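Here is a short briefing on a two-chain model. Please look over the sequence and the structure first.

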Amino acid sequence: MCGILQVMDEIEYRERMTRDVARWRREGLLTEEQERRILARMGAGERQAVRALRLGWIVTGVSIVGALVLAGGVTLFFATNWQEIPEALRVALIVAGIVAAYAVGYALMYRYEMQRVGSAFLLLGTLLYQAGVFLVAEIYNMPVDSPWLFALAAAGAFPLAYLFGSRIVLLVAIAWSIAWVVTEVISRYEDTPEFEASFLIIAVAGIAIYAIGRLHTARASLERFGEVYMLAGALVTLALVYVFSFRGIWDEIVEGVESYSAPPLVYLAIGATAVLVNVALFIRPADRERRIEAGLLLGLLGLGVIVATWPDWTGWAIAFNAAYFGVAAAIVVRGTTSGDERYVNFGLAIIGLGLLTRYVDVFWPMLDQESTAAAFFIIGGVLLLVVAIGLEWLRREIIRSMPDGGDRGGDRGDERESTLPPGDAKGAQA
Amino acid sequence: MRPIARLAIVVGVQLLIVVGLIGFKQYTLWTADDVLLRVQTGDPRDLVGSRAAPVRYEISELDLNELAGDRDVFAMAWVELQEQPDGYWQAVAVHGDGGERSFDGTVLLKGEIRDYRFGSARGEPTIVVAYGIEDVFIASGDGVPSGDGHDVAMKVAVDRWGEGIPRDFYIDGERFDLTRR
């Protein structure tokens, strides 16, 4: 087994190197001659061999899309023919589908050394399992929006993610966990005066997921998972901060159209998450970047406490806009200081979305006249192009000023496509 | 750990969850109380097809003036049902807490209060309650009679937590399969 894994490591390395070399060539860092010599040095001098190596990520992409499409098709087939199939056969089909997907995945990975396609079958197995949880609920006429079903769908995916080192399965598991929190909040507080405030729980859950990711980065063997948690957590929190940045929500709360009363669970969630953030900081207290990050997260939690307690202030939309753009700027700065291009791109994308939203927010009410509608699009288009030029210029300047020329993002981005875990757990690639 | 052992753990955990879910729901069904609830509809064919309106039960609207139990129910209500001589179950009391009962031999069905309708001279409002058993329909119209004057009911399994699980439609005593939306 060790021999196979070493060969896989070598293939992974070559695939990554061919992609990096091509990118460096495009960016003008290498001449064509230098590119050719590097490829020849690593035994990939033949044009056909280079092409084959560069196909690796396409195989991964196509396999994952194939698994998603197949899982969707199977679920749709069951959903449309569910009533005609006897109940015992339905359960048998679900179990057989899960076992078959894993068996094929295992055989492809460990018998036929087709890691990428094999790992896509493992992903398929998990998706079928998750569909199975909901289809079983359907058999018993349970409401399919029951929060417990989302929790069970997530719980079954985590072991696969960790045992086979699969980041895409981990992302799927985190997504189901977030869906669990959302459905739990909705089922508990819908049609109650606490509904609006209860959405703070989702934002806090995002921060908690981010802190869990930070805890993962403390151990080298778990660092690759940490990035997935942190990305998911950041997206969830930013999405909620974005929602709270709209003035309409606060206007209705202040005017009493929407009642607003924070349930105790909001404070409990904030307290527990603050502990988690501090534990993550405690692991590496001397790290300046960590201290700033922890301060930012605790600041957001503090904002949550204040807004939960005193919601009827007219300036909350401005405060959340400030928080949104502040976090985005912090992500860009972090990318600059750590030399990681991915953070810069992510932060700038968030800033772009925020600017676009505020533009539409301000000018949307003027769209009832044809002349103003035309002006809206013309001015908006020009502004977007100007902003795009500005952001692109800023991005280039930032990347140019990075300690190692912003190389890290690309390398690590390629690493992401290969999901082979460290050590001997080199199974899943999806 | 060998890859096959890791895969065995993954498959074991996932199948345990699926089988556990089946076992839990099966046990719930075995130990649940079946109640027959009267459905309010002008024409049974209105219940046919996925576009049918949510099912309205006799207990979907409850006049608190006519029931025993609590008066200040908020958000959630546990409706105490009692079997009548004709086999149908009717509301006899409403509670704000699942642990309370006013009568013996009754079943508690949990519901969410969706609306309060005031205006009764006797003071207490009428509450509109959703039990989570409304979004069901009859998939095929074969054998479903039309017109008014029919006896339409739903058999509902009520578990020990007060959750209702719709089982079958009954129209003039004949059973029809239901589909959940």
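Where in chain B does B:Ala75 lie? B:Ala75 sits in the loop between strand E3 (68-69) and strand E4 (76-83) of chain B. The model is predicted. Chain A comes to 17 helices and 0 strands, whereas chain B has 1 helix and 12 strands.

**Positive phi in chain B**

- Most residues other than glycine have a negative phi.
- B:Ala75 is not a glycine, yet its phi is positive, at about 70°.
- B:Ala75 counts as partly exposed because 15 other C-beta atoms lie within 10 Å.
- B:Asp172 also has a positive phi, near 50°, and is a residue other than glycine.
- B:Asp172 is placed in the loop between strand E10 (164-171) and strand E11 (174-177) of chain B.
- B:Asp172 has 11 C-beta neighbours inside 10 Å, so it counts as exposed.

**Chain B overall**

- Along the sequence, the pattern of chain B is α-β-β-β-β-β-β-β-β-β-β-β-β.
- The C-alpha trace of chain B spans about 75 × 40 × 30 Å along its principal axes.
- Chain B is divided into domain 1 (1-31) and domain 2 (32-180).
- The centres of domain 1 and domain 2 of chain B, taken over C-alpha atoms, are 34 Å apart.
- Of the 181 residues in chain B, 29% are buried.
- Among contacts in chain B with a separation of 6 or more, 61% join residues 24 or more positions apart.

**Helix H1 of chain B**

- H1(B) covers residues 3-31, which is 29 residues.
- From first C-alpha to last, H1(B) reaches 41 Å, close to the 42 Å expected at 1.5 Å a residue.
- The buried residues in H1(B) are B:Arg6, B:Leu7, B:Val10, B:Val11, B:Gln14, B:Val18 and B:Leu21.
- Against what do the buried residues of H1(B) pack? Their partners are helix H5 (87-110), helix H6 (115-139) and helix H7 (147-163) of chain A.

**The interface between chains A and B**

- On the chain A side, 28 residues are in contact with 22 residues of chain B.
- H5, H6 and H7 of chain A each supply at least two residues of the side that touches chain B.
- H5(A) gives the largest share of that side, 8 residues.

**Chain A overall**

- Chain A has 430 residues, of which 36% count as buried.
- For contacts in chain A with a separation of 6 or more, residues 24 or more positions apart account for 68%.

**Helix packing in chain A: H6 and H7**

- Two packed helices are described by the angle between their axes and the distance between the axes.
- H6(A) and H7(A) pack at about 155°, and their axes are 10 Å apart.
- Angles over 145 degrees count as roughly antiparallel, so H6(A) and H7(A) are roughly antiparallel to each other.
- The crossing of H6(A) past H7(A) is right-handed.
- On the H6(A) side, the residues that meet H7(A) are A:Leu122, A:Thr126, A:Tyr129, A:Gln130, A:Val133, A:Phe134 and A:Ala137.
- On the H7(A) side they meet A:Leu149, A:Leu152, A:Ala153, A:Gly156, A:Ala157 and A:Leu160.

**Helix packing in chain A: H12 and H13**

- The axes of helix H12 (residues 264-283) and helix H13 (residues 288-309) of chain A come within 10 Å and cross at roughly 170°.
- H12(A) is therefore roughly antiparallel to H13(A).
- H12(A) makes the contact through residues including A:Val266, A:Tyr267, A:Ile270 and A:Thr273.
- H13(A) takes part through residues including A:Arg290, A:Arg291, A:Ala294 and A:Leu297.

**A glycine in chain A**

- A:Gly226 is in helix H10 (residues 223-244) of chain A.
- Why does A:Gly226 count as partly exposed? It has 19 other C-beta atoms within 10 Å, and a buried residue needs 20 or more.
- Leaving aside neighbours within four places in sequence, A:Gly226 is in contact with A:Gly213, A:Arg214, A:His216 and A:Thr217.
- A:Leu303 is 77 residues from A:Gly226 along the chain, and their C-alpha atoms are separated by 25 Å.

Conventions
Residues are numbered from 1 along each chain as its sequence is written. Chains are lettered from A and ligands numbered from 1 in the order in which they are written. This is a predicted model: local features need pLDDT of at least 70, side-chain atom pairs count only at pLDDT 80 or more; totals for chains, interfaces and linings use all residues. Helices (H or I, at least four residues) and strands (E, at least two) are DSSP runs, numbered from the N terminus. The expected span of a helix is 1.5 Å times one less than its number of residues. A residue is buried if 20 or more other C-beta atoms lie within 10 Å of its own, exposed if 12 or fewer, and partly exposed in between; C-beta atoms are placed from the backbone. Two residues are in contact if their C-beta atoms, placed from the backbone, lie within 7 Å. Domain bounds come from an automatic or database domain assignment. Axes are lines fitted to C-alpha atoms, for helices over the stretch in contact, and angles run from 0 to 180 degrees between N-to-C directions. Angles under 35 degrees count as roughly parallel, over 145 as roughly antiparallel, 65 to 115 as roughly perpendicular and the rest as oblique. A crossing is left-handed if the near helix is turned anticlockwise from the far one by less than a right angle, and right-handed if clockwise.
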